[in-house]
Amino acid sequence: MVKEYKLSAERLEKLQDELTYLRTVREKEVADLLKEARSYGDLSENSEFDEAKNEQGKLYARIAELEEMLSNCVLIEDPADDNDSTKVSLGCTIRVLDVEFQEEETYQVVGSQEADPMNGRISEDSPFGQALLDQTVGSDVVVDAPAGPIHYQIIDIQR
């Protein structure tokens with residue numbers, strides 16, 4: 001089964017730009033490194049050549065990873081187009097209340113490739129993201145965390 005990568009239009013463009021850069025500019029730079037390292041002589045004891053080959057391997061691995069992601073991506077549609085605007089869905093920004101500590105927090109539900117929990121972008125595949133999906137304003141949500149269940153109440157959903 002092929003894994004789908006859910007991406008926003010902005011993230012899709014960034015990945016396409018990175019792939020273009022790697023295939024054009026960076027690939028030429030690595031080829032030049034290899035050429036220069038070969039000129040140093042004996043390849044069996046040439047650390048510059050070994051390092052250049054390692055860099056080439058990393059480059060081709062990243063290119064393959066990007067090609068895989070781009071060929072199996074699903075574009076996250078604008079949540080404003082969603083027929084049911086009262087439920088949490090991918091791309092929504094939500095405000096929740098941590099019931100225990102009475103603290104408000106704001107999160108955006110995104111695809112796993114865009115997740116950045118420290119900056120309020122949570123993956124729909126995470127336990128928190130899964131608990132929030134399809135919930136409505138006023139819903140009580142319980143997230144099973146390693147430290148025990150955490151109770152949240154959804155205050156607001158923005159598209």
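**Figure 1. Helix 1 and helix 2 are roughly antiparallel to each other.** By the angle classes used here, under 35 degrees is roughly parallel, over 145 roughly antiparallel, 65 to 115 roughly perpendicular and the rest oblique. The model is predicted: local features need pLDDT of at least 70, side-chain atom pairs count only at pLDDT 80 or more, and totals for chains, interfaces and linings use all residues. Residues are numbered from 1 along each chain as its sequence is written, and side-chain values use heavy atoms, with hydrogens and water left out. Helix 1 spans residues 9-38 and helix 2 spans residues 47-71. They pack at an angle of about 160 degrees. Their axes are 9 Å apart. Axes are lines fitted to C-alpha atoms, for helices over the stretch in contact, and angles run from 0 to 180 degrees between N-to-C directions. Helix 1 passes helix 2 in a left-handed crossing (near helix turned anticlockwise from the far one by less than a right angle; clockwise is right-handed). Helices (H or I, at least four residues) and strands (E, at least two) are DSSP runs, numbered from the N terminus.

Figure 2. R62 touches L15, E18 and L22, leaving aside its neighbours within four places in sequence. Contact means heavy atoms within 4.5 Å. R62 and E18 are 44 residues apart in sequence. Their C-alpha atoms lie 9.7 Å apart in space. With a relative accessible area of 24%, R62 is partly exposed. Buried means under 20% relative accessible area, exposed over 50%, and partly exposed in between (1.4 Å probe, protein chains only).

**Figure 3. The largest nonpolar core has 17 residues.** A nonpolar core is a set of buried Ala, Val, Leu, Ile, Met, Phe, Trp, Tyr and Cys residues joined through side-chain atoms within 4.5 Å. V88, I94, V96, F128, L132 and I154 have the most contacts inside this core. Five elements each supply at least two of its residues: strand 3 (93-98), strand 4 (103-110), helix 3 (127-132), strand 6 (140-145) and strand 7 (148-158). A second, separate core has 11 residues, among them L7, L15, L22 and I63. In soluble globular proteins, nonpolar side chains tend to be buried together.

**Figure 4. L132 and its partners.** L132 is among the residues with the most contacts inside the core of 17.

**Figure 5. Ring pairs link Y107, F128 and Y152 into a cluster.** A search of the whole structure finds two aromatic pairs. Rings of Phe, Tyr and Trp (its six-membered ring) pair if their centres lie within 6.5 Å; planes under 30 degrees apart count as stacked, over 60 as edge-to-face and the rest as tilted. Y107 and F128 have ring centres 5.1 Å apart and planes at 85 degrees, so this pair is edge-to-face. Y107 lies in strand 4 and F128 in helix 3, so the pair ties together parts 21 residues apart in sequence. Both Y107 and F128 are buried. F128 and Y152 form a tilted pair, with 4.8 Å centre to centre and 35 degrees between the planes. Y152 lies in strand 7 and F128 in helix 3, so this pair ties together parts 24 residues apart in sequence. F128 has 11% relative accessibility and counts as buried. Y152, at 9%, also counts as buried.

**Figure 6. Q102 and D134 have positive phi.** Most residues other than glycine have a negative phi, and most peptide bonds are trans. Q102 is not a glycine, yet its phi is about 55 degrees. Q102 sits in the loop between strand 3 and strand 4. At 54% relative accessibility, Q102 counts as exposed. D134 is not a glycine either, and its phi is about 70 degrees. The loop between helix 3 and strand 6 holds D134. D134 is exposed, with a relative accessible area of 53%.

**Figure 7. P149 in strand 7.** P149 is in contact with V142, V143 and D144, leaving aside its neighbours within four places in sequence. At 51% relative accessibility, P149 counts as exposed.

**Figure 8. T20 in helix 1.** T20 is partly exposed, at 48% relative accessibility. T20 and P146 are 126 residues apart in sequence. In space they are 41 Å apart, C-alpha to C-alpha.
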